[in-house]
Amino acid sequence: MTKKIFRSTLMVAAAVLAASLVIMLGCLYDYFGVVQEKQLKDELRLAACGVEEGGLDYLERLASRSFRSDRPPDYRLTWVAADGTVLFDTHVPVAELENHAGRIEIGEALLHGESSSVRYSDTLTQRTLYYACALEGGTVLRVSAGQATELALVLGMLQPILVIGILAVALSAVLANRMAKRIVCPLNSLDLEHPLEQDAYEELAPLLRRIHQQRGQISAQLRELRAKTDEFEQITGHMSEGLVVLDREGRVLSVNPAAQAVFGAERSCVGQSFLSVNGVPEASQAFCAALNEGHGSMRAQYQGREYQFDLSRIQWSGAAVGVVLLVFDVTEQADAERSRREFTANVSHELKTPLQSILGSAELLKNGLVKQEDIPRFSGLIHTEAARLVTLVDDIIHLSQLDEGAGLTREPVNLLELAEDAAEALRGSAGKRGVRISVTGEPVSVSGVRTFLYEMVYNLCDNAVKYNVEHGSVELSVSHTGQGAALTVRDTGIGIPPEYQSRVFERFFRVDKSRSKASGGTGLGLSIVKHIVQYHRGTIDLQSEPGRGTVISVTLPQA
C-alpha cells in the first residue's frame, strides 16, 4: 500500500509540474507575442510618418544610426513601390532583392491600407511577423521581426526545464515517501484484536466496527468448532472400535486411539496414505468399493487378532468426498464361530458312534442272528453305549447352560468339603487301580453354584484317576490366596506332552483317544471345568511333564 500511495503521489506531482510548465510557457508565449506585435505596429506607424516626411533620406539615416549601435535592431524595414520593386531595405541591398508584388502583406496593404502575415522557417523553429501599411504616393512600408516558435522556445529552455523537473521530481519523491509513510503508519499500527480502541482515521471507524463484529462472530464460531472437536475427540477417544476418516485420495484425516493401537500407528500418521499405514493390499480394494458403491468390507489379522473393516462413503452435495472406516475386533466371534463349527462336527461324530453300535447290536438281536449265549454280551454293549450316549448328552447340555450363562442361584460353598465329597465318590474306582486319593488344606468359602463347583472338582479328580499309573496317587489341596481360594489337583499319572497342553481344554480333544474310549470319557470333562471356572470369574493353570504327572491349579474369588 505504501508503494501505491508513493507512486500515485509522485505521478500526481509530476503531472501537476508538467501541466504548470505547459500552461506557464503558453501564457508567457502568448503575452510576449501580443507585446511584440503591438511594438511592431507602433514602430511601423512611426517609420511611416518619417518616410512620408523625409523619404529615402530618413530611412538611410535610421539604418545608419541603428547599425552603428552595439546591438542591431530586431526589426527590419522594407520600402516597396506600387509595382513591387523594393526601394529600400535595412538588412539586404536592394539589388539583391526580388520583386515583392507577390507578397501577401504587400498586396493586401495596397488594397486595404494595412495588412499582416506570418511565415515559418523550414525547421519550424522560427517564424517571421510581417506588418505593412500603404503610404502617400502608392508605396508600401513593411516592418518585420523574427519570433521563436513554441518548439524553439521549449528547445531553448530545455536545460533549465530538465533541471527544474529533476529537482521537482526529487522533492516530490521525498515528500511523497514521507506522506505515504505518515498515511500508512496508523494503518500498520492498528490492533485488530481490539479494533474499537484505535485512535485512527475517522473514515476507518465503519471498517473497524465491521471488523469488531466479524471478529466476534469468528470467535464464537471457533469456540463452537473447538467444542465440537473436543466432543468428537472425547467420543472417538473412548470408543473400543477403531475409527479412521479418509479423504478421496485415501489420506488419513482423523484416527482415534483404538485404530492407532490396531495398526501400531502414531498420531503423526494424519496426512499419510492409509495403505502405507495399515499395509494390507485388500484395504485399497475395499476403499475403492466404498467410494464407488457406497460400502466396502474386509477382514484382516493384526498381531494375532482378527478385525472386521467396514467402510462407508461420505457424500457432500451429491459428490463423494471421503470414506469413514470402522474397525471391529471380531477375534472372539471368529473363535466362537470356529468352535461352534468344530463342536457341531464333533457332536455329530460322538453321537453317531454309540448310536451305530446300539443300532447294529439291536438289529442283530431283532433278526435272531445272535446265539443265546451271546445275548448278554450284546445287551451289555447296548447298555454301555446307551449310558455313554446319555453321559455325552448330559455333558453337551451342561456346556450349553454354561455358554448361555444362565442365571443360577449362587451361595457360599466350602471348597474343602466339595473336595472331600468328590474324593469319597471316586475312591471306589480309584481303589480298583490302586490309586490313592488324599485331601488336605483348610476350609475356604467361595460364592458360586454348588453343583457346578462339585462337577469341576469331580472332573479334575476323575481325570487324575483315569490317566494315572497303577498304584499312583492323587492329591487335592485347598488353600487361601491373596485374592481368593485355590484348589490344586496333583497326580502321578502319564502326563501331557507339551504340544497338547494348550489344547486339553478344547471340546472333544483327547490326547490318547484309545484310552479315553476305554475309560468311557467323552472329551468334554476339562472343557466343562474351564467353562465352570470362567463362569465363576476364576483362573486355571496347568503344568505337566510326560511320565511325571500333572498339576492343575484353580483360583476362585472368595465369598
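In which order do the five strands of the open sheet stand, and is their pairing parallel or antiparallel? The order is 7-6-10-9-8, and the pairing is antiparallel. Helices (H or I, at least four residues) and strands (E, at least two) are DSSP runs numbered from the N terminus, and two strands pair if DSSP finds at least two bridges between them.

Before I continue, a note on the basis of this talk. This is a predicted model, in which local features need pLDDT of at least 70, side-chain atom pairs count only at pLDDT 80 or more, and totals for chains, interfaces and linings use all residues. Residues are numbered from 1 along each chain as its sequence is written, and side-chain values use heavy atoms, with hydrogens and water left out.

Let me return to the open sheet. Its five strands, in the order 7-6-10-9-8, have strand 7 (252–255) and strand 8 (295–302) at the edges; each has a single partner strand, so one side of each is left without a neighbour in the sheet. On average, neighbouring strands are turned by 20 degrees against each other, direction ignored; the axes here are lines fitted to C-alpha atoms, and angles run from 0 to 180 degrees between N-to-C directions. Strand 6 (residues 242–247) is joined to strand 7 by three bridges, and Leu246 stands opposite Val252.

Now the overall figures. The protein has 15 helices and 17 strands. Of its 559 residues, 35% count as buried, where buried means under 20% relative accessible area, exposed means over 50%, and partly exposed lies in between (1.4 Å probe, protein chains only). The accessible surface comes to about 33,300 Å², and 55% of it belongs to carbon and sulfur atoms; these areas come from the Shrake-Rupley method with a 1.4 Å probe, and for residues only the protein chains shown count as cover. Among contacts with a separation of 6 or more, 54% are between residues 24 or more positions apart, a contact being heavy atoms within 4.5 Å.

Strand 17 (residues 549–557) is joined by seven bridges to strand 15 (residues 484–491), and the two run antiparallel. Within this pairing, Leu487 stands opposite Val554. Strand 16 (residues 539–545) is also joined to strand 17 by seven bridges, again antiparallel, with Gln543 and Val551 as bridge partners. Strands 16 and 17 form a hairpin with three residues between them, and Gly547 in the turn has a positive phi of about 85 degrees.

Most residues other than glycine have a negative phi. Arg537, however, has a positive phi near 60 degrees. His471 likewise has a positive phi of about 60 degrees although it is not a glycine; His471 lies in the loop between helix 13 (450–466) and strand 14 (473–480) and is exposed at 66%.

Helix 4 (150–156) and helix 5 (158–188) each give two or more residues to the patch, and helix 5 has the largest share, with three. Leu162, in helix 5, is partly exposed at 47%.

Finally, the salt bridges, of which there are 13; each is a side-chain nitrogen of Lys or Arg within 4 Å of a carboxyl oxygen of Asp or Glu. In one of them, the closest N and O atoms of Arg76 and Asp89 are 2.9 Å apart. Arg76 lies in strand 1 (residues 75–80) and Asp89 in strand 2 (residues 86–89), so the pair ties together parts that are 13 residues apart in sequence. Arg76 is partly exposed at 22%, whereas Asp89 is buried at 7%. Another pair is Arg450 with Glu411, at 3.9 Å; this pair links helix 13 to strand 11 (residues 411–414), 39 residues apart in sequence. Glu105, Arg119 and Arg142 are linked in a salt-bridge network.
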